[in-house]
Amino acid sequence: MNIKLKTIAKLNYFVLALSLSLLSCDSDVREVYLYTPGKLEATSTNTAIKAGETVTYTDSSTKVRAIKWTFQGGSPGSSIDSNVVVKYAKGGSYTTTLEITYVDNQIEKKTFAVAVEAAPEPPVVTIEGLKIYSDNPNFTKTAATLNWSSSNQFVISDNADGGYEGAFKSFTLPATPPAVEAKWAMAILQFVAVTDISSYTYLNLAVRTTSTGKIRFRMKDATNTGYVEFDATSNLYGLKRDGNWNMVKIPIAEYKKQNPALDLTKIKDILVLRSVDPEDVRALNNYTFGIDHVYLSN
């Protein structure tokens, strides 16, 4: 009898537990959401531009943890911003790559192509002017016979090549100074006969130097002198002290401005290199100037 009662009690307990479990499921209901992955969405404003123009790239992807742009041929070359304006300076076909890292660390990439039209080549300009000292065959006029002369200290040398366009003249203080030396130096490029240059606007010449000294480029008629002065830092009219050939373009009006009495219809010395007092050229061990490609132009 005791055995039957225990068995009945166990059955009643099982039924009660099952009922409670079923009731619990009805009252404790939870919503379950399925995960939606991020989506890569990006645009560019153009696929064909001209050199110097820009393209705007925009990323509007979802669930993004990190982005990285790489712009081939563009400036900037890369970015982590969602909106980037990129400039293309040179012609060519380039690829832009966008790399997206989503919040679940999945990575996806997208590429864009852009064709950049190269800038047109500048036209070849034939030099029109009065050729004073140059190997250039494109001048339409050639100056009368010229003389180079050293007035004080400068040693003038002929150089067969290595100039702006081939042969050139160099003006250098002597390596071994004479027994009596002055603190100044001068050299002259001189017309044999007086020449009218009043119809021209610029004196052009190629200069190569590393000199840190001041220098004047003078111009002289029979009696009057006008000049333009160059120091070592201003790069005035293109004269640099970097050891390279640089074209210098001096307005002839600057000579007249310095000395209104200068007669441009009767020029004798077209170019006079002159050191600047009180600067002492004996303290300047690099006082050397290469001169080439000298001509007048409008």
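## Overall composition

The model is predicted. Its chain has 298 residues, of which 35% are buried. The secondary structure consists of two helices and 20 strands. When contacts between residues at least 6 apart in sequence are considered, 68% of them join residues at least 24 apart. The chain exposes about 17,500 Å², and carbon and sulfur atoms supply 54% of this area.

## Two open sheets

Strands of a sheet pair through backbone hydrogen bonds, in either a parallel or an antiparallel manner. Two of the sheets in this chain are described here.

Strand β2 runs parallel to strand β8 (residues 107–117), and three bridges join the two. Within this pairing, isoleucine 49 has valine 116 in β8 as its bridge partner.

Another open sheet is built from three strands in the order β1-β3-β6, with antiparallel pairing. Strands β1 (42–44) and β6 (83–87) each have a single partner strand, so one side of each is left without a neighbour in the sheet. On average, neighbouring strands of this sheet are turned by 15° against each other, direction ignored. The antiparallel pairing of β3 and β6 extends over five bridges. In β6, lysine 87 stands opposite threonine 54.

## A loop residue between two strands

Serine 60 is found in the loop that lies between β3 (54–59) and β4 (64–71). Is serine 60 buried, exposed or partly exposed? Serine 60 counts as partly exposed because its relative accessibility is 44%, a value that falls between the limits of 20% for buried and 50% for exposed residues. The C-alpha atom of serine 60 is separated by 7.2 Å from that of serine 82, although these two residues are 22 residues apart along the chain.

## Aromatic rings

A pair of aromatic rings is described by the distance of the centres and the angle of the planes. A search of the whole structure finds 15 aromatic pairs. Two of them are set out in the table.

| Aromatic pair | Centre to centre | Angle between planes | Arrangement |
|---|---|---|---|
| Tyrosine 133 and tryptophan 148 | 5.4 Å | 90° | edge-to-face |
| Tyrosine 287 and phenylalanine 289 | 5.3 Å | 90° | edge-to-face |

The pair of tyrosine 133 and tryptophan 148 links distant parts of the chain, 15 residues apart. Tyrosine 133 belongs to strand β9 (residues 130–133), and tryptophan 148 belongs to strand β11 (residues 146–152). Both tyrosine 133 and tryptophan 148 are buried. Tyrosine 287 and phenylalanine 289 are both buried as well.

Which residues form one aromatic cluster? The cluster is formed by Tyr133, Trp148, Phe154, Phe171, Tyr287 and Phe289. Both pairs in the table therefore contribute their residues to this cluster.

## Charged side chains over rings

Arginine 216 is placed over the face of tyrosine 227, at 4.0 Å from the ring centre. The ring of tyrosine 202 has the charged end of lysine 249 over it, 4.4 Å from its centre.

Terms used:
Residues numbered from 1 in each chain as written. Predicted model: local features only at pLDDT ≥ 70, side-chain atom pairs only at ≥ 80, totals over all residues. Heavy atoms only, no water. Helix = DSSP H or I, 4+ residues; strand = E, 2+ residues; numbered from the N terminus. Buried < 20%, exposed > 50% of the residue type's maximum accessible area, 1.4 Å probe, protein only. Contact = heavy atoms within 4.5 Å. Areas by Shrake-Rupley, 256 points an atom, 1.4 Å probe, with all protein chains shown as cover. Phe/Tyr/Trp six-rings, centres within 6.5 Å; stacked < 30°, edge-to-face > 60°. Lys NZ or Arg CZ within 6 Å of the ring centre and 35° of its normal. Pairing = 2+ DSSP bridges. Axes fitted to C-alpha atoms, helices over the stretch in contact; angles between N-to-C directions.
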